[in-house]
Amino acid sequence: MHDLADWDSFYVITGSAAGALIGLQFVVLTLIAQRPGTAAADAGNAFSTPTIVHFGTALLLSALLRAPWHDILVPAILWGLIGLAGFLYVLVTTARMRRQTAYRPQLEDWLCHGLLPALAYAALVVSSVAAPVATHEALFAVGGAALLLLFIGIHNAWDSVSWHVFFHRRDE
């Protein structure tokens, strides 16, 4: 399908970046994991795990849209389901953020762990519905959502590592 072929380089770059950042996140968390308490484990579920989910979603979208589809319907349904699952996961993440006690979330945390990912996943759902009649625009929405999830993941990974290095270790 010609519309998807035009996105070849974008998804190669986005998918490669997401895959590399997933690996880097594992390395960093391994290096800083020195006997975290139960409160820190709850914070990890609220703050670190979603970062891997967002990177994984960007990687999955990149792989999905690089497949040699003959029309847009099947990939649109798949990225819509990914968006729906991601949106529900953001709801779980915000509930975890409220329950954990290791850290008091700030406005930036609510934006980068709640609102922005919810917008990215909602864009996937809406664009999947629009794809059959507005393929060109829908593909831009998917590309924007993948890029937004990648940048959210970068921000959140940096924020998490910074917290561990500069604040958490100081409190021990």
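This report walks through the helices of one predicted protein model and a few of its residues.

## Basis of the model

Because the model is predicted, local features need pLDDT of at least 70 and side-chain atom pairs count only at pLDDT 80 or more, whereas totals for chains, interfaces and linings use all residues. Residues are numbered from 1 along each chain as its sequence is written, and side-chain values use heavy atoms, with hydrogens and water left out.

## Overall build

Let's start with the whole chain. The protein chain has 6 helices and 0 strands, giving the pattern α-α-α-α-α-α along the sequence. Helices (H or I, at least four residues) and strands (E, at least two) are DSSP runs, numbered from the N terminus.

Of the 172 residues, 41% count as buried; buried means under 20% relative accessible area, exposed over 50%, and partly exposed in between, with a 1.4 Å probe and protein chains only. The accessible surface of the chain is about 9200 Å², and 70% of that belongs to carbon and sulfur atoms. Such areas come from the Shrake-Rupley method with a 1.4 Å probe, and for residues only the protein chains shown count as cover. Among contacts between residues at least 6 apart in sequence, 80% join residues at least 24 apart, where contact means heavy atoms within 4.5 Å.

## Helices H4 and H5

Next, a pair of helices. The axes of H4 (residues 73–99) and H5 (residues 107–130) come within 7 Å and cross at roughly 160°. Axes here are lines fitted to C-alpha atoms, for helices over the stretch in contact, and angles run from 0 to 180 degrees between N-to-C directions.

H4 passes H5 in a left-handed crossing, meaning that the near helix is turned anticlockwise from the far one by less than a right angle (clockwise would be right-handed). By class, the contact of H4 with H5 has 14 nonpolar, 9 polar and 2 charged residues. Nonpolar covers Ala, Val, Leu, Ile, Met, Phe, Trp, Tyr, Cys and Pro; charged covers Asp, Glu, Lys and Arg; the others, Gly among them, are polar.

## Thr14 and Leu150

Thr14 sits in helix H2 (residues 8–32) and is buried, at 2% relative accessible area. Setting aside residues up to four places away in sequence, Thr14 touches Ala58, Ser62, Ala146 and Leu150. The C-alpha atoms of Thr14 and Ala146 are 7.5 Å apart, although 132 residues separate the two along the chain.

Leu150 belongs to helix H6 (residues 135–171) and is buried too, with a relative accessible area of 6%. Between Leu150 and Thr14 lie 7.7 Å from C-alpha to C-alpha, against 136 residues along the chain. Beyond its neighbours within four places in sequence, Leu150 is in contact with Thr14, Ala17, Ala18, Leu21 and Phe55.

His54 lies in helix H3 (residues 38–66). With a relative accessibility of 1%, His54 counts as buried. Outside the four places on either side in sequence, its contacts are Pro117, Tyr121, Leu149 and Ile152.

Leu148 is in helix H6 and, at 27% relative accessibility, counts as partly exposed. Apart from neighbours within four places in sequence, Leu148 is in contact with Leu116 and Ala120.
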